[in-house]
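Here is a friendly walk through one model, with the sequence and coordinates for you to follow along.

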Amino acid sequence: MLRVYGIKNCSTCVKALKWLEEQGQKVEFIDYRANPVDPTLLLDWAKQLGEWPKLVNRASMTWRNLDESLKTPETDADWLAIIAAHPTVVRRPVTVKADGKAIAGFNEKKMIEFLG
């Protein structure tokens with residue numbers, strides 16, 4: 001079973017969930033606005049994906065609307081504090097396999113490779 005973390009009304013999440021269902025994947029969806037992601041998981045995802053800039057969508061409206069003083073996080077604690085206060089900065093969706101491997105965002109070709 002896959003766990004898909006996102007926001008229920010996010011169009012990319014809806015598209016990814018529909019595609020995964022069409023591929024016969026069993027999915028558990030977790031809305032991370034309603035159910036904040038454990039910081040340990042966020043740290044793991046950031047490391048897997050190539051550090052925080054790969055997990056956090058710095059092109060999002062949420063990021064762009066942050067106070068300028070928050071846009072230069074230097075430590076894991078800084079990144080985690082931003083995500084705790086503004087969960088929508090996390091790239092969507094984050095899909096996690098049973099073994100803990102994660103991918104952020106949705107692209108059919110990359111998802112096929114990820115599920116491979």
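## Model and confidence

This is a predicted model, in which local features need pLDDT of at least 70 and side-chain atom pairs count only at pLDDT 80 or more, while totals for chains, interfaces and linings use all residues. Residues are numbered from 1 along each chain as its sequence is written, and side-chain values use heavy atoms, with hydrogens and water left out.

The average pLDDT (the predictor's confidence in each residue, from 0 to 100) is 95, and 100% of the residues score at least 70. Confidence is lowest in helix α4 (residues 61-64), with a mean of 94, and highest in strand β3 (residues 94-96), at 98.

## Overall fold

The protein has 6 helices and 4 strands, where helices (H or I, at least four residues) and strands (E, at least two) are DSSP runs numbered from the N terminus. Along the sequence their order is β-α-β-α-α-α-α-β-β-α. The radius of gyration is 14 Å, close to the 13 Å that the globule rule gives for 116 residues, so the protein is as compact as a globular protein of that length. That radius is taken over C-alpha atoms, and the rule is 2.2 Å times the number of residues to the power 0.38.

Of the 116 residues, 37% count as buried. Buried means under 20% relative accessible area, exposed over 50%, and partly exposed in between (1.4 Å probe, protein chains only).

## Helices α2 and α5

Helix α2 (residues 39-49) packs against helix α5 (residues 76-85) at an angle of about 115°, with the axes 11 Å apart. Axes here are lines fitted to C-alpha atoms, for helices over the stretch in contact, and angles run from 0 to 180 degrees between N-to-C directions.

Contact means heavy atoms within 4.5 Å. Pro39, Leu42 and Leu43 of α2 meet Asp76, Leu80 and Ile83 of α5.

## Residues worth a look

Thr95 lies in strand β3 and counts as buried, at 0% relative accessibility. Leaving aside residues up to four places away in sequence, Thr95 touches Leu2, Arg3, Val4, Lys101, Ala102, Ile103, Met111 and Phe114.

Most residues other than glycine have a negative phi, and most peptide bonds are trans. The bond from Arg92 to Pro93 is cis, with omega near -15°, and Pro93 is in the loop between α5 and β3. Glu51, in the loop between α2 and α3 (52-55), has a positive phi near 85°. Glu51 is partly exposed, with a relative accessible area of 41%.
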